[in-house]
Amino acid sequence: GESVGLHLPTLSVQEGDNSIINCAYSNSASDYFIWYKQESGKGPQFIIDIRSNMDKRQGQRVTVLLNKTVKHLSLQIAATQPGDSAVYFCAENRGSGTYKYIFGTGTRLKVLA
Amino acid sequence: DAGITQSPRHKVTETGTPVTLRCHQTENHRYMYWYRQDPGHGLRLIHYSYGVKDTDKGEVSDGYSVSRSKTEDFLLTLESATSSQTSVYFCAIRGDRSTGELFFGEGSRLTVL
């Protein structure tokens, strides 16, 4: 079936440490993946994306890793800050021109002072 | 700012009444989406549109209909609202880059009593 899931519903990290949020997807045909951040009361905001022909992509303080062999996606946040506290979602696009984006259930990141 | 406006932002209604949520965009994007967000389920796709009068079902389309008579507006209708449709509804548009991340509105909170 169609599913994009997350291993950990809540992640607590000390301020200044690195955070790693994981995501598993089930459809090998998916060709595009996105990470979103959602703060309380707001809509999801784009963080970083990666196409299936890449293994790694870096942004500002964030890195996304894609392992197609095991259908696994991760988001790494360097030097986690209090402002990083939010719910993080991964999403996959099924590809083949469908532009049908399926989201995971989300992981809450708590940054401890 | 992706120019997305959702209305109403908050609505309380009774079971059995019809409800229409409106998503308006100002940037002439082709793809528009309706998601619902519930605790423990993340974001689930209801319907999406790939052009005027062109729509398709998502993961949880039962009980919902959509219409898109012009590019800028995508309407979500609950013909006869039920308590299970109490949720936060998000509209999204797909960006025009070759990869095309989604940009979300601020959400519409619907309570069905």
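Buried means under 20% relative accessible area and exposed means over 50%, with partly exposed in between; the legends below use these terms for a predicted model.

**Figure 1. B:Arg109 in strand β11 of chain B**. The residue shown belongs to the strand that covers residues 108-112 of chain B, and because its relative accessibility is 49%, B:Arg109 counts as partly exposed. Leaving aside neighbours within four places in sequence, B:Arg109 is in contact with B:Arg9, B:His10 and B:Lys11, and also with B:Ser87 and B:Val88. B:Tyr89 stands 20 residues away from B:Arg109 in sequence, and the C-alpha atoms of the two are 6.3 Å apart in space.

**Figure 2. The cis peptide bond between B:Ser7 and B:Pro8**. Omega of the bond that leads from B:Ser7 to B:Pro8 is near -10 degrees, and the bond is cis. B:Pro8 itself is placed in the loop that runs between β1 (4-7) and β2 (10-13) of chain B. As to confidence, chain B averages a pLDDT of 92, and 96% of its residues score at least 70. Within chain B, confidence is lowest in strand β10 (residues 102-104), where the mean is 92, and highest in strand β8 (residues 73-78), where it is 98.

**Figure 3. A:Lys71, a residue other than glycine with a positive phi**. The backbone angle phi of A:Lys71 is near 55 degrees, and the residue sits in the loop between β7 (62-67) and β8 (72-77) of chain A. With a relative accessible area of 27%, A:Lys71 is partly exposed, since the class lies between the limits of 20% and 50%.

**Figure 4. A:Ala79, in the loop between β8 and β9 of chain A**. Here too phi is positive in a residue other than glycine, with a value near 45 degrees for A:Ala79.

Figure 5. Chain A has 11 strands and 0 helices. The radius of gyration of chain A is 13 Å, close to the 13 Å that the globule rule gives for 113 residues, so chain A is as compact as a globular protein of that length. Its C-alpha trace spans about 45 × 30 × 20 Å along the principal axes, and buried residues make up 45% of the 113 residues in the chain. Among the contacts in chain A with a separation of 6 or more, 53% are accounted for by residues 24 or more positions apart.

Definitions and conventions: Residues are numbered from 1 along each chain as its sequence is written. Chains are lettered from A and ligands numbered from 1 in the order in which they are written. This is a predicted model: local features need pLDDT of at least 70, side-chain atom pairs count only at pLDDT 80 or more; totals for chains, interfaces and linings use all residues. Side-chain values use heavy atoms; hydrogens and water are left out. pLDDT is the predictor's confidence in each residue, from 0 to 100. Helices (H or I, at least four residues) and strands (E, at least two) are DSSP runs, numbered from the N terminus. The radius of gyration is taken over C-alpha atoms; the globule rule is 2.2 Å times the number of residues to the power 0.38. Buried means under 20% relative accessible area, exposed over 50%, partly exposed in between (1.4 Å probe, protein chains only). Contact means heavy atoms within 4.5 Å.
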